[in-house]
Amino acid sequence: MKTCLSYDITSVVEITNGKLLGDGDTSVNYLSIDSRTLLDPAKTLFFALIGERHNGHSYIEELYRKGVRNFVISQEDIVRKEFSQANFILVYDTLEALHQLSRWHRSRFNYPVIGITGSNGKTIVKEWLFQLLQPDCQIVRSPKSYNSQVGVPLSLWNLYPEASMAIIEAGISQPGEMKKLEAMIQPQGGIFTHLGDAHQENFESTEEKLNEKLELFDHSDWLIYCRDDERIHKAILQRKGSPLDCFTWSRNQEAQLRIRGEIKRGGTTCIRGEFSQRNIEVVLPFTDKASIENAIHCWAYLLREGIEDATIRKRMKKLQPVAMRLEIKEGLGNCTLINDFYNSDLGSLPIALDMLNQQQQKKKKKTLILSDIFQSGISAKELYAEVATLIEQKGVDRLIGIGESISEHAGLFDLERNFYRSTDQFLHDFSRNLFRDEVILIRGARNFHFERISNMLQYKAHRTVLEVNLNAMVHNLNYFRSLLKPETRVVVMVKAFSYGSGSVEVANLLQFQRVDYLAVAIADEGVELRNAGIDVPIMVMNPEYHSFDTMIEYRLEPEIYSLAMLESFETALKRNGVKDFPVHIKFDTGMHRMGFGQAELDQLLQKISGNDQLHIRSVFSHLAGADEEQHDDFTRLQIERFKEWSGKIQTAFPYPVWRHILNSAGIERFPEAQFEMVRLGIGLYGVSSTYQDKLRNVSSLKTTISQIQEVSANGTVGYGRRGLLLRDSRIGIIPIGYADGFNRHLGNGRGSVLVNGVLVPVVGNVCMDMSMIDLTDVEAREGDTVTIFGDEKSLLAMARELDTIPYEILTTVSRRVKRVYFQE
Ligand SMILES: *Cc1c(COP(=O)(O)O)cnc(C)c1O
């Protein structure tokens with residue numbers, strides 16, 4: 001059983017100390033803070049949160065249209081006649097109201113709620129505890145890593161009466177936040193996982209950050225932590241708050257759980273420990289350091305709970321990796337695949353379905369391939385009824401159910417559907433024609449091995465891929481937004497295949513993130529985006545005369561940089577009978593690469609003022625040296641000229657004409673010149689000329705070792721016998737060459753690649769499709785991953801090896817290298 005609690009609007013008014021505008025005669029089941037991801041609009045209470053860059057109040061009209069009728073607001077002027085059927089709850093602070101409501105909701109339950117915090121490992125420890133405990137109890141837990149000021153209240157909203165415990169993670173980025181999380185979560189006890197240096201910037205010291213994190217346990221009874229980090233141990237001894245019953249584990253000191261030894265063997269780790277004067281042992285199916293730490297935290301929890309050693313051993317052996325990311329790949333038959341193999345639970349299904357909606361492209365059907373869901377506590381019938389409602393609400397067009405249990409409940413699903421008893425049966429019956437023009441979310445429990453399905457549907461199994469981290473991209477976008485005034489518009493440059501990272505997927509993401517404009521180099525790039533269903537305004541930086549008709553048809557707005565071009569575009573507009581078409585006027589303020597100069601200004605003005613064919617949407621210019629201090633005087637001169645010239649244009653029109661001159665480096669170094677708009681390029685893709693540490697790496701070029709050869713000293717490797725070996729060597733062959741964008745100048749020791757954490761040199765000449773690397777000093781096997789550039793071997797380092805700039809490296813990764821997108 002799982003009862004979904006509903007709240008009367010009048011009680012919400014009371015709980016949040018709000019003022020009701022409307023009759024209030026209804027109740028709600030769902031909370032929403034994001035207009036893009038609604039479940040059941042009529043039963044949803046929307047909180048109009050105000051962030052630095054976002055104001056939820058701006059979406060009320062859209063939400064009302066979608067059927068939402070209940071809103072918590074703090075700006076009274078939003079209430080209008082058109083919203084006659086809505087209830088508005090007016091409060092002073094909408095985030096605080098969200099907190100009040102979830103505090104209230106939380107306090108209705110008496111079962112244990114466990115809090116998890118720390119710099120790393122929160123999500124894994126939470127998911128693993130869930131895996132380990134789930135056979136015995138019904139557990140509510142935070143979906144994915146919902147641990148912020150907004151994520152925690154949404155997580156707590158999932159608490160329901162029949163559950164027996166909850167595991168909630170808490171993360172902070174600023175002082176003062178944990179107190180609020182603690183008040184909501186009210187954890188009975190918890191786990192402190194790890195102290196690192198993330199989120200350091202808003203705290204004066206690691207100590208301050210640590211003490212703040214520990215506030216999660218101010219009213220708790222017990223705490224589990226690793227005794228070996230002295231900072232944590234000391235802080236816990238000195239903390240105020242209620243006395244804690246501490247359960248510690250340690251590798252080299254007295255502790256409740258003493259770790260005595262760790263032996264790695266064939267992909268597993270055997271950990272020996274001592275607890276309550278007896279020797280115990282578990283085997284994990286992992287060998288990496290982080291997994292071992294996380295697993296020991298879980299072990300400590302199970303021991304503290306008094307669970308039998310045999311049970312612990314059995315369950316820990318079966319721990320499954322937690323998929324921290326969804327992968328997007330190109331599939332056969334013009335399909336897009338979204339892989340979500342390891343998570344199959346109900347709680348995170350809505351998040352995966354939102355991804356399906358984000359990546360849904362025009363005319364593409366939304367398909368879900370779903371395995372049985374293992375979830376104890378509720379009956380299969382209830383479970384699949386809930387799944388059926390969810391997929392209907394999220395607009396899925398077609399369901400393929402795989403497994404005994406989901407097949408038995410076929411009748412609950414009211415959409416195009418097929419069922420198969422097992423993955424084998426599906427693969428046996430599979431024909432490639434089964435899928436065409438679809439976005440397919442592939443989501444199954446681990447033992448269904450859906451990677452086999454994905455491999456079948458995949459365009460080709462590639463060994464060399466460019467991985468694109470969409471979360472990192474959003475992080476970078478938000479960093480640049482934080483440097484701007486909230487009202488400044490952002491154009492994102494997606495020219496040259498989005499600096500090599502792929503056009504449609506990136507554009508979908510940017511559209512979802514509500515950027516104001518996209519910019520492409522040539523019309524064809526814009527047409528590709530429009531055909532894929534991208535609706536955001538698009539400007540074309542290098543329009544060609546022959547493509548004007550196409551541009552008009554596809555609403556692609558040209559950059560106009562000369563009088564001849566202006567005239568010819570006007571002619572095209574007349575020919576098509578189009579008026580008020582938006583265009584962007586380019587000035588040359590010193591770059592000398594296209595654009596109107598000062599001498600042409602008057603003539604330009606004459607031509608465009610009073611012209612009803614054109615709508616001058618913006619005027620802009622480009623900086624020649626915004627990234628280098630030595631050119632700052634020149635940059636300022638360019639900005640001054642721009643201000644003067646663009647002012648003349650602005651005054652000639654009754655409507656607003658936006659101005660923009662800053663590229664990525666400009667946004668970081670000359671924010672005072674942001675005018676009404678900026679153009680973000682390389683920064684989005686993770687490269688900064690000034691504050692590199694603020695950005696996250698987006699793209700990683702990876703391949704695998706195809707073969708390893710032993711070659712004795714004095715042998716040579718590759719064409720021209722250039723790679724002369726001075727010692728007996730182990731040579732690895734990797735399937736990437738200059739045709740893939742692995743520059744030939746990287747050969748003969750000039751370039752290096754990363755293998756199992758070690759940088760190794762390229763030996764001999766780079767070939768067209770293959771290269772050779774020296775593996776003598778690293779432990780490596782055939783099939784191991786090789787990173788050409790990525791998180792640990794930076795793009796900048798490779799640019800240095802080649803004496804070029806990151807732009808060139810990113811844009812020359814050839815189109816035959818598959819792009820694989822993922823979202824954490
Ligand atoms: C490419 C481009 C940009 C973006 O430059 P970054 O250095 O990548 O930020 C901005 N404006 C124009 C006109 C461009 O061509």
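Okay, ground rules. Residues count from 1 along each chain as its sequence is written, and side-chain values use heavy atoms, without hydrogens or water. Since the model is predicted, local features need pLDDT of at least 70 and side-chain atom pairs 80 or more, while totals for chains, interfaces and linings use all residues.

So, the sheet. It's open, five strands, order S2-S7-S6-S5-S4, with mixed pairing. Strands here are DSSP E runs of at least two residues, and helices are H or I runs of at least four, numbered from the N terminus; pairing takes at least two DSSP bridges. At the edges sit S2 (19-21) and S4 (30-32), each pairing on one side only. Neighbouring strands are turned by 25° on average, direction ignored, with axes fitted to C-alpha atoms, for helices over the stretch in contact, and angles from 0 to 180 degrees between N-to-C directions.

Helix H3 (94-106) packs on this sheet, touching S4, S5 and S6, at about 140° to S5; contact means heavy atoms within 4.5 Å. S5 (44-47) and S6 (70-73) run parallel over three bridges, and Phe47 stands opposite Val72 in S6.

Now, which residues lie nearest the centre of the second largest pocket? Those are Lys495, Tyr499, His622, Asn663 and Tyr807, out of 36 lining residues. A pocket is an open set of 1 Å grid points, over protein atoms alone, where a 1.4 Å probe fits, with protein on both sides within 12 Å along at least five of seven lines; lining residues have an atom within 4 Å of a point. Helix H26 gives the largest share of that lining, four residues.
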